[in-house]
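Subject: Structure handover

Hello,

Please find the structure below, followed by notes on what was found in it.

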Amino acid sequence: MPNQHNQDQVALLQEKLGRAKSAVIVDYAKTTVNDQTKLRGSLREAGGEMYVTKNTLIDIAVGKGKVKESLEGMNAIIFSFQDEVAAIKKLFAFHKDTEKLEIKQGVMGETVLSAQDVEALSKLPGKQELIATLISRLNGPAYGLVNVLQAGTRNLVYALSAIAKQKSATAPATEAVSAVETTPVA
């Protein structure tokens, strides 16, 4: 019979997995305490969390045997709560800078992801980037419509301005010619 602490840990992990959009199992054995603190801080900024617990408890919480092959060594589970890829992006940025983590597997919903799948996820744009792109794409036709509707008025102003410049440039020369023609010859 498992002790109460382990049961509480499994319940906590299951609750976190239920809230998380995605989770990744990493081996953190080569990291220092400072590295882990830095990683936890960057994950927190992205709406994620790093949680260290026993491998058997991770196996039970995820689903008995689903990620068993990844649970060798010193493992932690990285949760991404706000966005599927935000915390994963931070994780891979840390991994690229330090080369101290081994990214093993991931979980998204009921799907178990390989390390390659997790890496592919890290290269996708985040939710905020997608929203910004969508807004700019939706605004594009509206800006085009405004320009088309204002083009007639703008072109009329340009044409009148060009005519006014042309008349002001030719007016002094015409006045000088007409003044010479009207002067009586003695």
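The accessible surface of the chain is about 12000 Å², and carbon and sulfur atoms account for 59% of it; areas come from the Shrake-Rupley method with a 1.4 Å probe, with only the protein chains shown counting as cover for residues.

This is a predicted model, in which local features need pLDDT of at least 70 and side-chain atom pairs pLDDT 80 or more, while totals for chains, interfaces and linings use all residues. Residues are numbered from 1 along each chain as its sequence is written, and side-chain values use heavy atoms, without hydrogens and water.

The chain has 6 helices and 5 strands (DSSP runs numbered from the N terminus: helices are H or I of at least four residues, strands E of at least two). Their order from the N terminus is α-β-α-β-α-β-α-β-β-α-α.

The C-alpha trace spans about 130 × 35 × 25 Å along its principal axes. The radius of gyration is 34 Å, whereas a compact globule of 186 residues would have one near 16 Å (taken over C-alpha atoms; the rule is 2.2 Å times the number of residues to the power 0.38).

Strand 3 (residues 75–80) is largely enclosed by the rest of the structure, because 6 of its 6 residues are buried (under 20% relative accessible area, 1.4 Å probe, protein chains only). N75, I77 and F79 cover one side, and A76, I78 and S80 the other.

Strand 3 runs antiparallel to strand 1 (residues 22–27), joined by 6 bridges; A23 has F79 as its bridge partner. Strand 3 also pairs with strand 2 (residues 48–52), antiparallel over 5 bridges, with G48 opposite S80. Pairing requires at least two DSSP bridges between the strands.

Regards

Notes. Buried < 20%, exposed > 50% of the residue type's maximum accessible area, 1.4 Å probe, protein only.
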